[in-house]
Amino acid sequence: MSLFNRLREGLQKTKETLVSRIDQLLANFTSIDEAFFEELEEVLLGADVGIATTGAILESLREKVRLARIEDASAVRELLQQVMTEMLGTETLLLNLAEGRLNIVLIVGVNGVGKTTLIGKMAYQQTLQGKKVLLAAADTFRAAAIEQLTIWAERAKVDLIHHQEGSDPAAVVFDAINAAKSRQFDLLLIDTAGRLHNKQHLMEEMRKIVRIIRREVPDAPHEVLLVLDATTGQNAIQQAKAFNEVCDVSALALTKLDGTAKGGIVFSIAELLKIPVKLIGVGEGVEDLREFDPQEFVAALFGE
């Protein structure tokens, strides 16, 4: 199966909730009137596009319909696809990884979003590209986090730096950076704790980790990657806002898109957060973690 077909298959639940209902709506209306826009609003909200983002999509669509002087509802599909693509942007933004340096990516997110799995898949993919990858288990709060990362390190055949449960996360990061520098690694992926219910403690922990990173590698971290679970819908927006207060999030990874009908959250994230989505997960396989291509994403949704 091609990569595009895997993406289309992974987005099937959202497609059924969003695009299939749009097509049904277009079939039911012969002309574009207020009733049409009201029903389209319901469809968008049902796919968790969000109130503000739905409003922005409808406003842009109304303007395009007016300028093109379209009266036939069947002609709206292409315009809507265009509006949704424009909202996501046309550019595929890659992770800030460069040749000839130690790249450090700090990975954050609440427990259960698929952080550890994402790190494992990233490590595996980067090793296939010839990169020398090191993992750092800086989520020392949960013993399971260290165990899970150990399993992924073995699967991806990469090295792992870890301490005992309950140890200082910043100390793990310090040791990992020194190991990465002395052994000339290309990429260091740092797992972190996600205890948002204790935001003050998390904030202090993150500040300490970032301070250590910047002291040892002044231009790092090169990415602060926030992992969000697409199945949580609008709650992902709140998580993103909270983590952005704690640490300066530079990129987003959206996991479990294959397991939700709420994939419309991608549009809400783009519109409200203004933080680029750089990775998406659309399945269990290692190859199902992929760079986010906005045009490809919308095309897969609309079945192009």
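At roughly what angle do the axes of helix α6 and helix α12 cross? In this predicted model, α6 covers residues 76–88 and α12 covers residues 265–273. Their axes cross at roughly 50° and come within 8 Å. Angles of 65 to 115 degrees count as roughly perpendicular, and those under 35 degrees as roughly parallel. The α6 and α12 pair is therefore oblique. The crossing of these helices is left-handed.

On the α6 side, the contact is made by Met 84, Met 87 and Leu 88. On the α12 side, Val 266, Phe 267, Ala 270 and Glu 271 take part. Sorted by class, the contact of α6 with α12 has 6 nonpolar residues, 1 charged residue and no polar ones.

A second pair is formed by helix α3, residues 19–28, and helix α4, residues 34–46. The axes of α3 and α4 come within 10 Å and cross at roughly 165°. Angles over 145 degrees count as roughly antiparallel, and α3 and α4 are therefore roughly antiparallel to each other. The crossing of α3 and α4 is right-handed.

From α3, the residues Arg 21, Ile 22, Leu 25 and Leu 26 meet Phe 36, Glu 39, Leu 40 and Val 43 of α4. By class, the contact of α3 with α4 has 6 nonpolar and 2 charged residues, with no polar ones.

The table sets out the axis values for each pair.

| Helix pair | Axes come within | Crossing angle |
|---|---|---|
| α3 (residues 19–28) and α4 (residues 34–46) | within 10 Å | roughly 165° |
| α6 (residues 76–88) and α12 (residues 265–273) | within 8 Å | roughly 50° |

Definitions and conventions:
Residues are numbered from 1 along each chain as its sequence is written. This is a predicted model: local features need pLDDT of at least 70, side-chain atom pairs count only at pLDDT 80 or more; totals for chains, interfaces and linings use all residues. Side-chain values use heavy atoms; hydrogens and water are left out. Axes are lines fitted to C-alpha atoms, for helices over the stretch in contact, and angles run from 0 to 180 degrees between N-to-C directions. Helices (H or I, at least four residues) and strands (E, at least two) are DSSP runs, numbered from the N terminus. A crossing is left-handed if the near helix is turned anticlockwise from the far one by less than a right angle, and right-handed if clockwise. Contact means heavy atoms within 4.5 Å. Ala, Val, Leu, Ile, Met, Phe, Trp, Tyr, Cys and Pro count as nonpolar, Asp, Glu, Lys and Arg as charged, and the others, Gly among them, as polar.
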